[in-house]
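The sequence and the model are shown below.

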Amino acid sequence: MKAVLLLVLTVWLGSQFGESASCPHPPSKWCSSLDTAIQCGVLKHCLLSNYTRSHSTDDSVKVALYYESLCPGCRLFLTEMLFPTWLLLNEIMTVDLVPYGNAQEKPDGQKYVYVCQHGEEECLGNMIETCLLNMTQMAFPIIFCMESSTDVIKSAQSCAGLYSPELSWDKVMACVKGDQGNQLMHQNAVRTEALKPPHNYVPWITINGDHTEELQTKATTSLFTLVCSMYKGPKPDACGGSVKQHYRSYCRNE
């Protein structure tokens with residue numbers, strides 16, 4: 001976690017003061033890899049540049065993550081596998097985040113109440129991330145920042161300020177506490193409960209809408225290699241590298 005927090009600090013300093021004195025690369029190469037972007041202090045700039053290009057094509061590899069905000073295995077996969085892979089391969093993959101996981105939904109009049117596996121704090125984290133996904137294109141970097149922090153909930157506002165300073169936190173919390181957030185979470189519940197096969201742990205990963213234990217294992221072993229191998233178009237230069245870890249830590253649905 002300390003290394004990730006140092007990375008976030010490096011990004012912030014880079015965004016404030018421009019090019020890093022330790023950057024040996026020309027500007028044309030600053031966004032060529034995750035390491036280069038961090039070394040040159042321009043990761044935030046590269047993230048913003050990513051959103052100015054269209055990544056959603058018919059042949060993109062579609063990765064969906066069904067997770068919960070305080071599940072240790074979910075946090076590891078999102079921060080140390082999914083996000084780095086997306087940074088390098090966003091031109092050939094799309095990411096769909098569904099915060100809900102092993103929660104339980106119960107009707108309460110015209111609304112729903114939720115019971116989460118890791119308690120009320122996790123329900124709040126799920127709701128904040130759900131509202132962010134509906135309110136800003138920078139939701140994924142914000143969620144990465146939250147999930148890589150020591151305290152997911154307490155870091156939420158500062159992470160939003162880092163990656164989306166124009167976003168009103170009051171509006172985010174109005175969503176979290178109001179009907180909009182409640183209905184958005186209901187949609188997450190419906191999507192999660194409709195999974196085939198039904199999920200029995202999180203993180204639960206689907207690739208192009210499919211889930212098998214083989215795909216799950218490949219995704220948690222090296223999502224980067226899996227995406228490159230499944231992409232049917234011309235391979236980007238980044239596919240010559242690798243991002244490899246192995247996480248088999250799950251939060252069981254029991």
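Helix H9 (residues 179–193) lies across strands E1 and E2 and runs at about 105° to E2. The model is a predicted one: local features need pLDDT of at least 70, side-chain atom pairs count only at pLDDT 80 or more, and totals for chains, interfaces and linings use all residues. Residues are numbered from 1 along each chain as its sequence is written, and side-chain values use heavy atoms, with hydrogens and water left out.

Helices (DSSP runs of H or I, at least four residues) and strands (runs of E, at least two) are numbered from the N terminus. Angles run from 0 to 180 degrees between N-to-C directions, with axes fitted to C-alpha atoms, for helices over the stretch in contact.

The sheet is open and mixed in its pairing, with three strands in the order E2-E1-E6; strands pair if DSSP finds at least two bridges between them. At its edges are E2 (93–99) and E6 (204–207), each pairing on one side only. Neighbouring strands are turned by 15° against each other on average, direction ignored. E1 (residues 61–67) pairs with E6 in the antiparallel sense over four bridges, and Val 63 has Ile 207 in E6 as its bridge partner.

Helix H4 (residues 72–89) packs on this sheet, touching E1, E2 and E6; contact means heavy atoms within 4.5 Å. The angles involving helices are listed here.

| Pair | Angle |
|---|---|
| H9 and E2 | about 105° |
| H4 and E2 | about 155° |
| H4 and H10 | roughly 10° |

The axes of H4 and helix H10 (residues 213–230) come within 10 Å. These two helices are therefore roughly parallel to each other, a term for angles under 35 degrees. In their contact, H4 residues including Phe 77, Met 81 and Leu 82 meet H10 residues including Ala 219, Leu 223 and Phe 224. The contact residues divide into ten nonpolar, four polar and no charged.

The largest nonpolar core has 33 residues, and Val 63, Leu 82, Met 93 and Leu 223 have the most contacts inside it. Such a core joins buried nonpolar residues through side-chain atoms within 4.5 Å, where buried means under 20% relative accessible area (1.4 Å probe, protein chains only). H4 gives the most to this core, with nine residues. Leaving aside neighbours within four places in sequence, Leu 82 is in contact with residues including Val 63, Met 93, Phe 140 and Leu 223. Apart from this core lies another, of 29 residues, among them Cys 116, Cys 145, Tyr 163 and Ala 189.

Key. Angles under 35 degrees count as roughly parallel, over 145 as roughly antiparallel, 65 to 115 as roughly perpendicular and the rest as oblique. Ala, Val, Leu, Ile, Met, Phe, Trp, Tyr, Cys and Pro count as nonpolar, Asp, Glu, Lys and Arg as charged, and the others, Gly among them, as polar. Buried means under 20% relative accessible area, exposed over 50%, partly exposed in between (1.4 Å probe, protein chains only).
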